[in-house]
Amino acid sequence: MTPDKFAESLSTSKEFFDRSTRCLTEELAGYKPTPDMMTVAQQVAHVAQTFDWFIEGAFHRADGFDMDFENHMRPVMAIGSLAEARAWLDKSVASAIAEIKAKSMDELQAPLPEGPVMGGAPKLCIVGAIEEHTAHHRGALTVYARLKGLVPAMPYMDM
């Protein structure tokens, strides 16, 4: 594989996410099935922030991933607009894709810093982790949609 192929995987993951969640509109931005869950907009913002978190931890922090999740959740929980959350996601995905494309295979195969998140694994492993995390929240949001009587699009159609 090449950096372009890894970047393409991120793009595909975003496309699947967008297809599955397109039925969720701004009117549902504040919807959450239970009081202790994230809203639709917060779920999307969390996905965006996680793209940023993986890129930062793999390529911009010598000590790896910032594990202060309480602090990370503050800007996510402040999001009330689905349009704002989707804009954040668009920006984060574009940035991650550009970052991956700009790396050589040697850079992508360099080990992640030791630590609790894939410590010592090749940096390119973050691509799969981002895909899995995005798929997890894509699934959660399709449940939100179904609870509101909506039918999410099949993510793999019309490729």
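Residues are numbered from 1 along each chain as its sequence is written. The model is predicted, and local features need pLDDT of at least 70, side-chain atom pairs count only at pLDDT 80 or more, and totals for chains, interfaces and linings use all residues, while side-chain values use heavy atoms, with hydrogens and water left out.

## The largest pocket

The largest pocket has a volume of about 170 Å³. A pocket here is an open set of points on a 1 Å grid over the protein atoms alone, where a 1.4 Å probe fits, with protein on both sides within 12 Å along at least five of seven lines; lining residues have an atom within 4 Å of a point. Grid points are joined across faces, edges and corners, and the volume is the space filled by probe spheres set on the points.

The lining is made up of His 46, Gln 49, Thr 50, Trp 53, Phe 54, Phe 69, His 72, Met 73 and His 133. Helix 2 (40-59) and helix 3 (69-77) are the elements that give two or more residues to this lining. Helices are DSSP runs (H or I, at least four residues), numbered from the N terminus. Helix 2 supplies the largest share, 5 residues. By class, the lining holds 4 nonpolar, 5 polar and no charged residues. In this scheme Ala, Val, Leu, Ile, Met, Phe, Trp, Tyr, Cys and Pro are nonpolar, Asp, Glu, Lys and Arg are charged, and the others, Gly among them, are polar.

One of the lining residues is His 72, which is found in helix 3. Its side chain reaches the backbone oxygen of Asp 66 at 2.9 Å. This is a polar contact, that is, a pair of N or O atoms within 3.5 Å; within protein, one must be able to donate a hydrogen and the other to accept it, and residues adjacent in sequence count only if both atoms are side-chain atoms. Leaving aside neighbours within four places in sequence, His 72 is in contact (heavy atoms within 4.5 Å) with Gln 49, Trp 53 and Asp 66.

## Accessibility of selected residues

Buried means under 20% relative accessible area, exposed over 50%, and partly exposed in between (1.4 Å probe, protein chains only).

| Residue | Relative accessible area | Class |
|---|---|---|
| Ile 79 | 8% | buried |
| Arg 19 | 12% | buried |
| His 72 | 15% | buried |
| Cys 23 | 22% | partly exposed |
| Met 118 | 27% | partly exposed |
| Cys 125 | 29% | partly exposed |
| Pro 122 | 33% | partly exposed |
| Asp 36 | 69% | exposed |

## Cysteines

A search of the whole structure finds 0 disulfides, a disulfide being a pair of cysteine sulfur atoms within 2.5 Å. Cys 23 is partly exposed at 22%, and Cys 125 is partly exposed at 29%.

Arg 19 lies in helix 1 (residues 3-21). The side chain of Arg 19, a buried residue, reaches the backbone oxygen of Pro 155 at 2.9 Å.

Asp 36 is found in the loop between helix 1 and helix 2. The side chain of Asp 36 makes a polar contact with the side chain of Thr 34 (2.5 Å). Asp 36 and Lys 91 are 55 residues apart along the chain, and their C-alpha atoms are separated by 28 Å.

## The loop between helix 3 and helix 4

Ile 79 is found in the loop between helix 3 and helix 4 (82-102).

## The loop between helix 5 and helix 6

Pro 122 is placed in the loop between helix 5 (105-109) and helix 6 (125-147). Apart from residues up to four places away in sequence, Pro 122 touches Leu 108, Gln 109, Ala 110, Pro 111 and Leu 112. Pro 122 and Ala 135 are 13 residues apart in sequence and 21 Å apart in space, C-alpha to C-alpha.

Met 118 is also in the loop between helix 5 and helix 6. Although not a glycine, Met 118 has a positive phi of about 55°.
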